[in-house]
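Please have the structure open while I talk.

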Amino acid sequence: MEMLMKIIGGQFIFCCVFFHLLVAGGESLEAPELKKNCTYVITIETTCTWGAETSNVVSLRFGDTNSNGILVRHLNSKHSRKVEPLDPGVLDDMPRKPFQACMVDQFEVTAPCVESPICYLYLKLIGNDDWRPGFAQIHVLEASHLNSDYFYFRRFVPRHVWHGSDVCDSEVTSFGLKKKKKVYVNIP
């Protein structure tokens, strides 16, 4: 019995010393800070081509160079308003069906904040009809320096696959976009 008490007492002392070292070593036992949320206004134009509109479900995926990705399933349900294509003012605030030909739609989404400017955007069309978006752009209301550039499509989006652009880690040259070379090290 005395032997058992020595073993338990030794383990207790070890645990106390270990806990003290953790706290004294700068380790914190507090919960990690939650990432702040931002409001994103997503603007998408549908072209005026015959058959450009869709009633299918559209999903969106975008993010920054730091791998902060945001996925918006069923973007249709986040529709906030239609805007005049030639004038950025609001055309109406009446709830209407998004992705109609010759229209620009805006959607509002709240999600964790990106840390650098948005540099990739992909759309996914789920359904049976075609859709031909013109452009897409994302504004971060809390931090305008994180806004995306325009992402141009101007073609029918393939169904059931992600389709878009990734300009992360690229450089604009007189010959177009040049991707930075990624070096992979093979460690034996």
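A definition to begin with: two strands pair if DSSP finds at least two bridges between them. Strands themselves are DSSP runs of E with at least two residues, numbered from the N terminus. This is a predicted model, where local features need pLDDT of at least 70, side-chain atom pairs count only at pLDDT 80 or more, and totals for chains, interfaces and linings use all residues. Residues are numbered from 1 along each chain as its sequence is written, and side-chain values use heavy atoms, with hydrogens and water left out.

Take strand S2, residues 57-63. S2 pairs with strand S3 (residues 69-72) in the antiparallel sense, over four bridges. Within that pairing, Phe62 stands opposite Ile70 in S3. The hairpin of S2 and S3 has five residues between the strands, and there Ser67 takes a positive phi near 65°.

S2 also pairs with strand S7 (residues 120-126), again antiparallel, over seven bridges. Here Val57 stands opposite Ile126.

Is S2 enclosed or open? Five of its seven residues are buried (under 20% relative accessible area, with exposed over 50% and partly exposed in between, using a 1.4 Å probe and protein chains only), so S2 is largely enclosed by the rest of the structure.

Val140 lies in strand S8, residues 133-140, and is buried, with a relative accessible area of 2%. Counting contact as heavy atoms within 4.5 Å, and leaving out residues up to four places away in sequence, Val140 touches Cys38, Thr39, Tyr40, Ile118, Leu146 and Asn147. Its C-alpha atom is separated by 8.9 Å from that of Val114, 26 residues apart along the chain.
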